[in-house]
Amino acid sequence: MRKAYINKYWVLCFLFPLIFSSSAIAEDGYEMWLRYQPVANQQQLKSYRAQISQLVVEGDSATMQKAAAELQRGLGSLLAKPLASVIGSAPASNKPVKHALLVGTPKNSTMIAALGMEQELSALGDEGYIIANKTLNKRLVIVIAANTDIGALYGSFHFLRLLQTNHSLQNLAIKSAPKLQHRVVNHWDNLNRVVERGYAGLSLWDWGTLPDYKSPRYEDYARINASLGINGTVLNNVNADPRVLSDQFLEKIAALADVFRPYGIKVYLSINYNSPRAFGDLETADPLDPKVQQWWKERTKKVYDYIPDFGGYLVKANSEGQPGPQDYKRDHADGANMLAEALKPFGGVVFWRAFVYSPDIGDRFRGSYDEFKHLDGKFADNVILQVKNGPIDFQPREPYSALFSGMEKTNMMMEFQVTQEYFGFATHLAYQGPLFEESLRTDTFVKGEGSTIGNILEGKVFNTKHTGMAAVINPGTDRNWTGHPFVQSSWYAFGRMAWDHEISAEAAAEEWLRMTFSNEEKFIEPMKALMLMSREAGVNYRSPLGLTHLYSQGDHYGPAPWTENSERPDWTAIYYHRASKTGLGFDRTKTGSNAIAQYPAPVAQLYGDLNAVPEELLLWFHHVSWDHKMKSGRTLWEELVHKYYEGVEQVRAMQTTWDAQKSYVDAARFEQVKALLKVQERDAIIWRDSCVLYFQTYSGRAIPAGYEQPKHNLDYYKFLARTRYVPEPWHPASSSRVLK
Ligand code: BDP
């Protein structure tokens with residue numbers, strides 16, 4: 001008796017608070033931003049409950065079933081009570097109960113049809129939706145209406161977001177449609193499940209157990225992406241294994257495509273250009289050879305036999321040792337168009353990567369523009385050039401890739417990187433939203449003011465047929481998908497900006513924080529500031545003022561500005577910073593490589609003028625004297641030191657901010673982020689001291705008084721770099737690193 005009483009007592013006193021107080025729940029980050037925790041603000045909860053009395057989802061397609069399931073799961077949990085629901089085949093009447101939430105399309109829902117929304121919906125296309133308060137048969141209702149089922153699913157996720165972020169449900173008049181067509185995530189997953197530049201465990205795709213076992217993670221992965229409106233996924237690494245097109249793999253890939261399909265996500269594959277040879281079928285992969293063309297037509301048909309709605313191929317050709325059309329003296333357009341022709345009958349597209357820089361070019365900055373500019377207008381209309389945001393390679397800050405303003409007659413899409421290859425892997429906190437925003441809002445002036453990268457991508461500036469945005473993401477078997485919990489935020493921001501490139505980094509950060517952690521204002525404001533500062537902090541302690549690529553070859557984690565030997569000069573660090581006794585930086589003006597001539601005149605003028613170029617890009621374009629006066633009044637040397645020290649101070653400020661959030665965050669995630677910020681502080685100091693001491697050997701100037709002096713000498717930091725832990729088993733640098 002007594003024992004039973006005690007048990008009940010324990011349940012009431014201890015388990016209940018554990019279940020209902022979000023800060024006390026042990027969370028592992030698996031749910032990402034789809035946590036659907038009960039609305040904490042009691043007044044808000046009451047009003048939501050009053051405004052949503054019943055869920056009516058008409059239409060019984062797989063997609064509508066997913067929308068219904070997500071709403072039931074999400075609303076049931078947010079409102080902390082099961083919701084009365086009518087799901088599936090359309091109710092005969094159009095008399096909803098008061099405060100019903102109606103979800104559907106005019107085609108599959110009698111109630112939505114009765115509202116006569118066709119006109120309003122017509123401008124929103126195949127993926128857009130409306131969320132609005134309406135009156136139907138004198139009853140107040142909320143509708144989520146779209147032209148298609150997938151639009152209704154996107155609207156459902158948006159509606160859940162409104163509650164998750166404590167948005168009012170009154171005067172709702174939301175109309176939303178994506179600004180870009182192809183909103184794609186790229187996985188750099190090898191078929192042996194090692195993820196290139198991944199840092200969050202093994203590949204999600206368990207090829208060994210597919211197609212028979214479909215891990216529940218596959219569907220959760222689809223939910224996460226669909227909640228952002230992502231509609232494509234490239235499953236495998238751009239350094240592609242040809243086996244991915246074999247029947248054995250296609251059967252497995254088809255099983256994944258089946259899971260993703262109801263969520264509107266198409267599967268794409270990275271292909272190896274030499275596949276006809278690798279399969280042992282042909283001696284050549286020359287795109288102008290009819291046998292090669294036929295081979296690709298047949299293989300592509302096979303792909304569509306397995307996956308009828310297959311999206312297309314992503315291709316890294318003639319880049320970093322990958323095969324491509326140039327091996328047969330053909331150009332990139334020949335190569336891409338051959339694949340485009342094979343895909344065309346099925347509606348597929350080619351994402352052809354512009355990340356190409358041949359070893360014999362003088363300035364790598366110029367590389368991909370010089371490769372592709374003369375091919376403008378030569379690509380088939382189902383080829384889309386996938387261009388990294390900057391001319392080099394996902395550096396903490398880059399000026400924009402001149403291809404965006406240079407290729408007027410070519411479909412182009414953006415390639416961003418969410419995985420933090422150059423940003424401290426999954427160890428450092430570095431929200432990438434500000435980088436994406438900066439890039440998308442950059443004005444190229446190519447057709448006058450307002451020719452921003454975002455508008456170019458949208459097809460507003462050059463009027464191209466296909467539009468899109470891709471990001472290299474890093475999810476793996478780590479329970480929280482991304483390693484560092486905050487890498488999730490960059491995935492989130494990417495997805496939101498792929499939907500609407502005008503969404504700000506700040507808005508995306510706020511939504512993510514509210515959904516991922518807490519709606520408490522006292523938490524949101526400081527944490528938003530922390531996130532918005534985190535990218536700049538990473539720039540400051542790594543490569544301020546337009547320095548770039550101060551890494552050793554292969555290992556992109558720690559500092560190695562002294563790297564001077566490699567197979568290629570542009571795989572060293574000294575190639576990029578060009579430090580000398582007189583100054584620092586890469587002259588890309590007329591007196592140097594003249595790469596600035598690749599930009600439209602207003603941009604070339606701005607970047608080419610030593611006194612006008614934005615200081616954060618200074619050393620990208622100019623070799624600058626150590627005594628050059630900066631806007632702050634400091635010399636270049638003093639400013640450089642200042643920035644490196646500022647970066648470390650920013651990490652310390654991030655630590656202080658985080659420490660103050662203990663009461664708003666569950667213990668597991670709180671302690672994890674706290675510990676990782678400690679590592680980040682340690683690494684930031686290593687970056688700062690390595691770089692300042694190294695550049696000092698050229699500047700010959702002292703670290704100004706008032707800054708804490710490095711604890712060790714330069715040799716110490718060089719040794720650290722040689723013995724560093726590199727969590728990349730795929731990369732030669734991690735095994736062949738030797739003590740010399
Ligand atoms: C670089 C990475 C390399 C990728 C390459 C690419 O270091 O691992 O294969 O980009 O984008 O950033 O193809």
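Start with the charged side chains: there are 56 salt bridges here, counting a side-chain nitrogen of Lys or Arg within 4 Å of a carboxyl oxygen of Asp or Glu. Keep in mind that this is a predicted model, where local features need pLDDT of at least 70, side-chain atom pairs count only at pLDDT 80 or more, and totals for chains, interfaces and linings use all residues. Residues are numbered from 1 along each chain as its sequence is written, and side-chain values use heavy atoms, with hydrogens and water left out.

**Stop 1: Asp28 and Arg479**

Select Asp28 and Arg479, and you'll find their side chains in a salt bridge, 2.8 Å from N to O. Which parts of the chain does this pair link? Asp28 sits in the loop between α1 (2-20) and α2 (42-51), while Arg479 is in the loop between β14 (467-473) and α16 (487-499), 451 residues apart. Helices (H or I, at least four residues) and strands (E, at least two) are DSSP runs, numbered from the N terminus. Asp28 has 38% relative accessibility, so it counts as partly exposed; Arg479, at 46%, is also partly exposed. For the labels, buried means under 20% relative accessible area, exposed over 50%, and partly exposed in between (1.4 Å probe, protein chains only).

**Stop 2: Arg243 and Asp241**

Next, pick Arg243 and Asp241, a salt bridge whose closest N and O atoms are 2.7 Å apart. Arg243 is partly exposed at 45%, and Asp241 is partly exposed at 23%.

**Stop 3: Glu681 and Lys678**

Now go to helix α23 (residues 667-699), where Glu681 and Lys678 are 3 residues apart, which means about one helical turn separates them. Their side chains meet in a salt bridge at 3.5 Å, N to O. Buried or exposed? Glu681 is buried at 13% relative accessible area, whereas Lys678 is exposed at 52%.

**Stop 4: the nonpolar cores**

Switch to the nonpolar side chains. A nonpolar core is a set of buried Ala, Val, Leu, Ile, Met, Phe, Trp, Tyr and Cys residues joined through side-chain atoms within 4.5 Å. The largest has 216 residues, and Phe159, Phe260, Trp352, Trp491 and Phe695 touch the most other members. Zoom in on Phe260: leaving aside neighbours within four places in sequence, its contacts (heavy atoms within 4.5 Å) are Trp205, Tyr218, Tyr221, Ala222, Thr233, Leu235, Ile265 and Val267. Finish at a second, separate core of 15 residues, with Ile112, Leu124, Ile130 and Val143 among them.
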